Amino acid sequence: MRTIIIYYSLDGNTEFIARKVAQDLNASLLKLEPEKEYPKGSVSKYVWGGKSVVFGEKPRLKPYKFQKEMYDVIILATPIWASSFTPPIRSFLTTNDLINKKIGLISCSAGGDTQKCRQQMLELTKASAFVAEMNLIEPLKMDVNIVDNQISEFCTKLYGNFG
Ligand SMILES: Cc1cc2nc3c(=O)[nH]c(=O)nc-3n(C[C@H](O)[C@H](O)[C@H](O)COP(=O)(O)O)c2cc1C
């Protein structure tokens, strides 16, 4: 099963999880980087990031290589922003058609609802369901054993769907 994890992360939580899952699944990693990164300041990130989600922005990404034919499973990993997914993921999904691909979803949040993100990502990818999905709450601050258990459940679900 050839798998790639495509992710965006501003503060490192999603990147931490993406790397761990990639190790467990022996998957490739693709980090999406906006040409102009969002500010990391404790207030400014919410202002600029929130506005970017609300306006449905599609920021220009630094060049990346991605050939969808090379993968059986594509895992999208994103922080939750304003109850939705992040704009760099929107940029990626509006440029790359993942129709008929098996898609997994990983999100990191501060504990807010993830249903809107889930639903909007299903609509944008045109997937009927995710092959596996999980949300982690601020994993960089979580007990590593709890993180590892969640990851292992996610990978088991993913493998279970492919034998
Ligand atoms: C602009 C912005 C909006 C956010 N909105 C939400 C939200 O609606 N719900 C929530 O639970 N967390 C929200 N968060 C918190 C992040 O989802 C959370 O800190 C996540 O772990 C960050 O992932 P990262 O470290 O990979 O960037 C928001 C963070 C930012 C910067």
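**Strands, crossovers and a ligand shell**

Biologist: Let's start at strand 5: which residue there is the bridge partner of Ser 109?
Modeller: Keep in mind that this is a predicted model. Ser 109 belongs to strand 4 (residues 102-109), which runs parallel to strand 5 and is joined to it by 5 bridges. Cys 108 bridges to Leu 136 in strand 5, while the partner of Ser 109 is Ile 137.

Biologist: How does the chain get from strand 4 to strand 5, and what is the hand of that β-α-β unit?
Modeller: Helix 4 (residues 115-125) belongs to the unit with strand 4 and strand 5. The two strands pair in parallel. The hand of this β-α-β unit is right-handed.

Biologist: Is strand 4 mostly enclosed or open to the outside?
Modeller: Look at both sides of it. Lys 102, Gly 104, Ile 106 and Cys 108 point one way, Ile 103, Leu 105, Ser 107 and Ser 109 point the other way, and every one of them is buried. That makes 8 of the 8 residues buried, so strand 4 is largely enclosed.

Biologist: And on the strand 3 side, how many bridges pair strand 3 with strand 4?
Modeller: Ile 75 of strand 3 (residues 73-79) sits opposite Gly 104 in strand 4. The strands themselves pair in the parallel sense, and the bridge count is 7.

Biologist: Moving on to strand 1, which residue of strand 3 does Tyr 7 stand opposite?
Modeller: Strand 1 (residues 3-7) has parallel neighbours: strand 3 over 5 bridges and strand 2 (residues 28-31) over 4 bridges. Towards strand 2, Tyr 7 faces Lys 31. Between those two strands the chain crosses through helix 1 (residues 13-25), and the crossover is right-handed. Towards strand 3, Tyr 7 stands opposite Ala 77.

Biologist: Why is strand 1 said to be largely enclosed by the rest of the structure?
Modeller: In a regular strand, side chains alternate between the two faces of the sheet. On one side are Thr 3, Ile 5 and Tyr 7, on the other Ile 4 and Ile 6, and both faces are covered. Strand 1 counts as largely enclosed because its buried residues number 5 of the 5.

Biologist: What about the ligand: which helix gives the most to the shell around it?
Modeller: There are 22 residues around the ligand, and Asp 11, Asn 13, Gly 49, Pro 79 and Gly 112 come nearest. Two or more residues each come from helix 1, helix 2 (44-54) and strand 4. With 4 residues, the top contributor is helix 2.

Definitions and conventions. Residues numbered from 1 in each chain as written. Predicted model: local features only at pLDDT ≥ 70, side-chain atom pairs only at ≥ 80, totals over all residues. Buried ≥ 20, exposed ≤ 12 C-beta atoms within 10 Å, placed from the backbone. Pairing = 2+ DSSP bridges. Right-handed = clockwise from strand over helix to strand, strands pointing away. Near = placed C-beta within 6 Å.
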